[in-house]
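The sequence and the structure are shown first.

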Amino acid sequence: MLRRRHRPKQQKQPEEEGMMKPKPIRQAIIGIAVVEDDPIRLLGLRSIFGLVPSFRLITTSVSLIATNRKVNIVILRHSGNMFLDTIAMWRVIRPDLKVVVTGAGADDQTILNAIASGAKGYVDESGPAPEFTEAINTVHRGSVWIPRRIISMIIESSVGLLSRDLQAGTFRPTLREKQVLAMLVEGLSNREIGSPLGIKERTVKAHVAKLMHKLGVRNRIALSVQAIRYSLVST
């Protein structure tokens, strides 16, 4: 009598059992604090950010934002000159905190001043919702989000307006000017520069204005670019 041979049962491959399926990649959570007095604007921002799974809105006060480690980015509305002092204060307390300024109809100088004070981006509140999302993601990755016209201004100032003294290599900054330039390149405000040097804020402003005139530039960012480009400060 012949016996049938029993074939061994084939084992399921790991792929069939779902053991080799890649785990979904989790997006990093970006903690966002919004400084806004207008409840309608605040509601609008919340509705925009609420659609992005990686955004987490954090409720806190202005005085506690810098010490709250869950906050990665602050949305700050430009209003007068006080907002520049707020940005500068946050920069001193917590340099890694990123600030995105928003508002309506800010002129070019206001945007430049915000960037010079330490902000990492500007978004007009009349822009489309995806622009806010893209700006936050861009700033969180370490880049700067500013209008193209501002970028063009910076480039034009940094390459096209050199003074004849600098071109001839005869520009020699004084010791005080070198000190001011070095801290300016680090992104410090006039107040932050004046404090360790023991000089008043208006004196720093005068030094900066004189340096911009000598180097033929029109703003602090272009001045910083020229200082680095021509090795006027140690980097």
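In this predicted model, helices α8 and α11 are roughly perpendicular to each other, because the angle between them, about 110°, falls within the range of 65 to 115 degrees that counts as such. Helix α8 spans residues 175–185 and helix α11 spans residues 220–229, and their axes lie 9 Å apart. On the α8 side the contact is formed by Leu-181, Leu-184 and Val-185; α11 contributes Arg-220, Leu-223, Ser-224, Ala-227 and Ile-228. By class, six of the residues in this contact of α8 with α11 are nonpolar, one is polar and one is charged.

Ser-224 belongs to helix α11. Its relative accessible area is 13%, and Ser-224 is therefore buried, the limit being under 20%. Apart from neighbours within four places in sequence, Ser-224 is in contact with Leu-184 and Val-185.

The axes of α10 and α11 come within 10 Å and cross at roughly 65°, and the crossing is left-handed. In this contact, Val-208, Leu-211, Met-212 and Leu-215 of α10 meet Arg-220, Leu-223 and Gln-226 of α11. The contact of α10 with α11 comprises five nonpolar residues, one polar residue and one charged residue.

Helix α9, residues 190–197, has Asn-190, Glu-192, Ile-193, Gly-194 and Leu-197 as its buried residues. After α9 comes Gly-198, which has a positive phi, near 70°.

A further helix pair involves α3, residues 82–93, and α4, residues 108–117. Their axes are 9 Å apart and the packing angle is about 20°; since angles under 35 degrees count as roughly parallel, α3 and α4 are roughly parallel to each other. The crossing of α3 past α4 is right-handed. Phe-83, Leu-84, Ile-87, Ala-88 and Arg-91 of α3 make the contact with Thr-110, Asn-113, Ala-114 and Ser-117 of α4. The residues of this contact of α3 with α4 divide into five nonpolar, three polar and one charged.

| Helix pair | Angle | Axis separation |
|---|---|---|
| α8 and α11 | about 110° | 9 Å |
| α10 and α11 | roughly 65° | within 10 Å |
| α3 and α4 | about 20° | 9 Å |

Phe-132 lies in helix α5, residues 129–140. With a relative accessible area of 5%, Phe-132 is buried, because this value is under 20%. Not counting residues up to four places away in sequence, Phe-132 touches Leu-45, Ile-48, Phe-49, Thr-102, Val-123, Asp-124, Glu-125 and Gly-127. Ile-75 is 57 residues from Phe-132 along the chain, and the C-alpha atoms of the two are separated by 10.0 Å.

For the chain as a whole, the secondary structure consists of 11 helices and five strands. The protein chain has 235 residues, and 40% of them count as buried. Of the contacts between residues at least 6 apart in sequence, 65% join residues at least 24 apart. The accessible surface of the chain is about 15200 Å², and carbon and sulfur atoms account for 54% of that surface.

Technical notes. Residues are numbered from 1 along each chain as its sequence is written. This is a predicted model: local features need pLDDT of at least 70, side-chain atom pairs count only at pLDDT 80 or more; totals for chains, interfaces and linings use all residues. Side-chain values use heavy atoms; hydrogens and water are left out. Helices (H or I, at least four residues) and strands (E, at least two) are DSSP runs, numbered from the N terminus. Buried means under 20% relative accessible area, exposed over 50%, partly exposed in between (1.4 Å probe, protein chains only). Contact means heavy atoms within 4.5 Å. Accessible areas come from the Shrake-Rupley method with a 1.4 Å probe; for residues, only the protein chains shown count as cover. Axes are lines fitted to C-alpha atoms, for helices over the stretch in contact, and angles run from 0 to 180 degrees between N-to-C directions. Angles under 35 degrees count as roughly parallel, over 145 as roughly antiparallel, 65 to 115 as roughly perpendicular and the rest as oblique. A crossing is left-handed if the near helix is turned anticlockwise from the far one by less than a right angle, and right-handed if clockwise. Ala, Val, Leu, Ile, Met, Phe, Trp, Tyr, Cys and Pro count as nonpolar, Asp, Glu, Lys and Arg as charged, and the others, Gly among them, as polar.
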